[in-house]
Amino acid sequence: MKLHELQPSPGSHHARKRVGRGPGSGHGKTATRGQKGQGARTSVNLPKTFEGGQTRLTMRTPKLRGFHNKWRKRFAVLNLTRLNRFEDGTEVRPESLLEFGIIKDVGAGVKILGTGDLRRKLTIHAHRFSAEAKRKIEAAGGTASVIAVPPPIREKTKRAKNQPKAAPAPEKAETPEAAQATEAAPASQAAETADAPPTRASRKAKAEPGEKGEKGEKGEKGGKGQPARASASEDSPKPDKGKKKS
């Protein structure tokens, strides 16, 4: 084959569609748009999923509904048959699995499943093993070593109801100096109140019993020496209010 004989495979390339060149172009008078209607207008802009008004396929298909745990742990799953490429006595770790391209990402950890047979004596370090995988590894003379992963540390913003309250801090024992200071504080406050000038409320409280006593004495003197006021009677010369004098 020579360079000038190279050509694309039949059907892979098509000639450009030149529309709007009249009926002699092979695309008709209306340039493949048909006569009148939504598709014949200049501003037609329909989505690719439009089906003429009926329910689209994207709406007819069922959606993946339900609860999705966003904290789900996704493990890199690996079968025993893929570990036969290693030589006997090799220590298989997640780093070596990534290096050989057996897994793309460790994720939450590596889990070994028991599908297939293991023909190598390997020391496999992984985060989880199925019961069948562990049995086959030990049967082949290897060991299954579990990589311990510490639990994540998350700050608790609110105390749960089933957790006990935190114990209060122990009170410090009072020293003799502190005890003397507390005893001396009330005495000093009493002395300050005695030296302070009397307020209006205290003056009123002191003056009330004296005033009451003076008023009582005056009432007694007036009852003995002075005659009692004459009460208004029917024979009083004062005319009734609101009536004209006759």
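In this predicted model, arginine 135 and glutamate 132 form a salt bridge in which the closest N and O atoms are 2.5 Å apart. Both residues belong to helix H3, where a spacing of three residues places them about one turn of the helix from each other. Arginine 135 is partly exposed, at 47% relative accessibility, and glutamate 132 is also partly exposed, with a relative accessible area of 35%.

Helix H3, residues 131-139, takes part in another pairing. Lysine 136 forms a salt bridge with aspartate 117, and here the closest N and O atoms lie 3.9 Å apart. This pair links distant parts of the chain, 19 residues apart: lysine 136 sits in helix H3, while aspartate 117 sits in the loop between strand S3 (110-113) and strand S4 (123-126). The two partners fall into different accessibility classes. Lysine 136 has 19% relative accessibility and counts as buried, because the class covers values under 20%. Aspartate 117 is exposed, with a relative accessible area of 53%, since that class begins over 50%.

A further salt bridge joins the side chains of glutamate 51 and arginine 60, with an N to O distance of 3.1 Å. Glutamate 51 is partly exposed at 27% relative accessibility. Arginine 60 is partly exposed as well, its relative accessible area being 46%.

Side chains of opposite charge can pair when their charged atoms come close. Across the whole structure, a search finds four salt bridges; among them are the pair within helix H3, the link from helix H3 to the loop between strands S3 and S4, and the contact between glutamate 51 and arginine 60.

Definitions and conventions
Residues are numbered from 1 along each chain as its sequence is written. This is a predicted model: local features need pLDDT of at least 70, side-chain atom pairs count only at pLDDT 80 or more; totals for chains, interfaces and linings use all residues. Side-chain values use heavy atoms; hydrogens and water are left out. Buried means under 20% relative accessible area, exposed over 50%, partly exposed in between (1.4 Å probe, protein chains only). Helices (H or I, at least four residues) and strands (E, at least two) are DSSP runs, numbered from the N terminus.
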